[in-house]
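Please look through the sequence and the structure shown below, and keep them in view while you read the report that follows.

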Amino acid sequence: MFTSSARPTGGLRGYLRLDFPWGAAQPGAVRCVLATLVAVVGSILACWVVATATIALVPATAGYEHFRFSDYARLTVIGVILAGIAWPLVTLLSSRARRLYLWLAIAVTVVSFAPDLWILRQGQPAAGVAALIVMHIALFAITYPTLVFGAPQPRGIAASIETGDAARPRGRS
């Protein structure tokens, strides 16, 4: 069983810095919510820029159904809110969770290309699908740093966990 004072060992656990602080290294809730809101607004703006630029550069994409604001905004809000929920959850696993969260964000971004590639195979315009992929990359580029730097983990907690000095989270009585 893992404890809050468990030190990362070699291998994947060490690389991802899994020391299982179980709540001792979580960012503040208010900062998480604010960072998520900033990421939502920034991501929607980025999607709008990508859609608008694609239509300007490739006029044949004008009227493309996935470039409707309501279409990409809804999916963007859902994805970024899920990422905002994931950040404090990942900090339950590591007192230095940025690396783990980065790899998870990369994996989710790559998986998010699957529907785009599927609709490309179904005959959707290549320029439109390429723009959707760029939107996904933009969401990653905005959301990851906004969350990890806008709602950072407490400083110094990693060192105290490694030395076993961190206070154990208390359960509800």
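## Where two helices meet

In H4, the residues Thr109, Val110 and Val111 meet Phe113, Ala114 and Pro115 of H5, where contact means heavy atoms within 4.5 Å. Sorted by class, this contact of H4 with H5 holds 5 nonpolar residues, 1 polar residue and no charged ones; Ala, Val, Leu, Ile, Met, Phe, Trp, Tyr, Cys and Pro count as nonpolar, Asp, Glu, Lys and Arg as charged, and the others, Gly among them, as polar.

H4 packs against helix H5 (residues 113-121) at an angle of about 15°, with the axes 4 Å apart; axes are lines fitted to C-alpha atoms, for helices over the stretch in contact, and angles run from 0 to 180 degrees between N-to-C directions. That angle makes H4 roughly parallel to H5, since angles under 35 degrees count as roughly parallel, over 145 as roughly antiparallel, 65 to 115 as roughly perpendicular and the rest as oblique.

## The model and the chain

This is a predicted model, in which local features need pLDDT of at least 70 and side-chain atom pairs count only at pLDDT 80 or more, while totals for chains, interfaces and linings use all residues. Residues are numbered from 1 along each chain as its sequence is written, and side-chain values use heavy atoms, with hydrogens and water left out.

The secondary structure of the chain comes to 7 helices and 0 strands; helices (H or I, at least four residues) and strands (E, at least two) are DSSP runs, numbered from the N terminus. Of the 173 residues in the chain, 39% count as buried, where buried means under 20% relative accessible area, exposed over 50%, and partly exposed in between (1.4 Å probe, protein chains only). Among contacts between residues at least 6 apart in sequence, 76% join residues at least 24 apart.

## Aromatic rings

A search of the whole structure finds 6 aromatic pairs; rings of Phe, Tyr and Trp (its six-membered ring) pair if their centres lie within 6.5 Å, and planes under 30 degrees apart count as stacked, over 60 as edge-to-face and the rest as tilted. One of these pairs, Tyr64 with Phe67, is edge-to-face, at 5.0 Å centre to centre and with 85° between the planes, and both Tyr64 and Phe67 are buried.

The rings of Tyr101 and Tyr144 have centres 5.8 Å apart and planes at 20°, so this pair is stacked. Because Tyr101 lies in helix H4 (residues 98-111) and Tyr144 in helix H6 (residues 126-150), the pair ties together parts that are 43 residues apart in sequence. Both Tyr101 and Tyr144 are buried, and ring pairs link Trp87, Tyr101, Phe140 and Tyr144 into a cluster.

## Ala51 and its contacts

Ala51 is found in helix H2 (residues 29-57) and counts as buried, at 3% relative accessibility. Leaving aside neighbours within four places in sequence, Ala51 is in contact with Phe67, Tyr72 and Met135. From Ala51 to Arg68 there are 17 residues in sequence and 8.6 Å in space, C-alpha to C-alpha.

## Two residues in one loop

Arg17 lies in the loop between helix H1 (11-15) and H2, and the place of Phe20 is also in the loop between H1 and H2. Phi of Arg17 is near 60°, a positive value in a residue other than glycine, and Phe20 has a positive phi of about 50° although it is not a glycine. Arg17 is partly exposed, with a relative accessible area of 26%, whereas Phe20 is buried, with a relative accessible area of 10%.
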